[in-house]
Structure formats: C-alpha cells, structure tokens
Amino acid sequence: MRGLVLVTVCLSSPALADHELLHRDLIAGERLYQQQCSSCHGANLEGQANWQSPNADGVLPAPPHDATGHTWHHDNQLLFEYTKLGGQGALAARGIDDFNSGMPAFDGVITDDEIWNILAYIRSTWPQPVQDAQASRNPPHE
C-alpha cells in the first residue's frame with residue numbers, strides 16, 4: 001500500500017505534468033529565441049513598452065516573457081499552440097474569435113522541437129517559485 005501511495009504522489013507531481021519542457025536544449029532555445037522572438041519580445045524577455053494597452057489598431061504590444069509578464073500564467077500546450085499557430089489561430093482553436101493578436105504563426109518557420117526548446121529556455125529564466133506555479137498549470141500526463 002505504501003508503494004501505491006508513493007507512485008500516486010510521484011505521478012501527480014508538476015514534473016510529470018510538465019514533461020514537454022524537461023530535458024530540452026536550453027542553449028539552442030536561447031539562440032532561437034534571440035533569432036525568432038527577441039525583435040518583439042525583447043533580447044532580455046522584457047517585452048514592449050505599454051504591453052497591457054492596445055495600440056491604435058487594437059493590437060496589444062508584445063508582452064514580456066520574464067517573470068513580470070503573464071506567460072507563466074498559461075499551460076505548456078497553450079504556449080506551444082500560440083507560438084505554432086499564432087495568436088489568432090491558437091485562440092480560434094479555443095473558440096475565441098474576437099481577439100486581435102499580433103503574434104504571428106511560426107508553423108513552417110521553426111520545428112515543434114525548436115518551439116519546445118524556446119519555451120523551456122524562457123521558463124528557465126524565471127525564479128523557481130514562478131517555474132513551479134507555471135508547471136502546476138499543466139494537466140497531468142499518463
């Protein structure tokens with residue numbers, strides 16, 4: 001019985017709920033981030049000024065990906081889809097059609113593994129409590 005409890009506790013841990021970002025190439029992720037993301041989200045993940053207020057066209061500026069932003073509030077799958085499909089595509093897939101996102105789709109530009117490496121790099125820059133909070137937002141995997 002004690003072994004079953006231990007297995008249950010281990011299976012419900014954030015690490016297993018977060019497997020997509022484990023054992024990723026953080027160096028490649030940082031390089032790809034600088035090449036593909038930093039022009040909008042900042043070389044230091046700082047985002048654009050006034051990122052919480054829409055521009056004249058109604059599009060929000062690129063948010064920071066450091067701990068001051070809201071990236072860590074989202075689960076891995078949404079972050080992946082937002083990157084791969086772009087903001088419009090990811091939100092439309094979730095039934096949200098009235099949000100004007102400036103995030104382009106990177107499908108066909110970078111591979112799925114490269115997206116996961118970028119996301120792992122971004123998360124690696126956050127303080128441990130923020131990493132743990134984000135990991136807890138992911139559903140457990142079987």
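Select Lys-84 and show what surrounds it. In this predicted model, Lys-84 touches Ala-105, Phe-106, Asp-107, Asp-112 and Ile-115, leaving out residues up to four places away in sequence. Lys-84 belongs to helix α5. Is Lys-84 buried or exposed? It counts as buried because its relative accessible area is 19%, and the cut-off is under 20%.

Next, select Ile-110. Set aside neighbours within four places in sequence, and its contacts are Leu-32, Gln-36, Ile-115 and Ile-118.

Now widen the selection to the largest nonpolar core, which has 20 residues. Which members touch the most others? They are Tyr-33, Ile-110, Ile-118, Leu-119 and Ile-122. Colour three helices to see where the core draws its residues: α3 (26–36), α5 (76–93) and α6 (112–124) each give two or more. Which one gives the most? That is α6, with seven residues.

Last stop: the surface. Select Leu-60, Ile-96 and Phe-99. These form a nonpolar patch, and their accessible area together is about 210 Å². Centre on Leu-60. Look for it in the loop between α4 (38–41) and α5. Why is Leu-60 classed as partly exposed? Its relative accessible area is 31%, and the class covers values between the 20% and 50% limits.

To finish, show Lys-84 and Leu-60 together. Lys-84 is buried, whereas Leu-60 is partly exposed. Lys-84 sits in helix α5, and Leu-60 in the loop between α4 and α5.

Terms used: Residues numbered from 1 in each chain as written. Predicted model: local features only at pLDDT ≥ 70, side-chain atom pairs only at ≥ 80, totals over all residues. Heavy atoms only, no water. Core = buried A, V, L, I, M, F, W, Y, C linked by side-chain atoms within 4.5 Å. Buried < 20%, exposed > 50% of the residue type's maximum accessible area, 1.4 Å probe, protein only. Helix = DSSP H or I, 4+ residues; strand = E, 2+ residues; numbered from the N terminus. Contact = heavy atoms within 4.5 Å. Patch = residues over 30% accessible without salt bridge, like charges linked within 9 Å, V, L, I, M, F, W, Y side chains within 5 Å. Areas by Shrake-Rupley, 256 points an atom, 1.4 Å probe, with all protein chains shown as cover. Salt bridge = Lys/Arg side-chain N within 4 Å of Asp/Glu carboxyl O.
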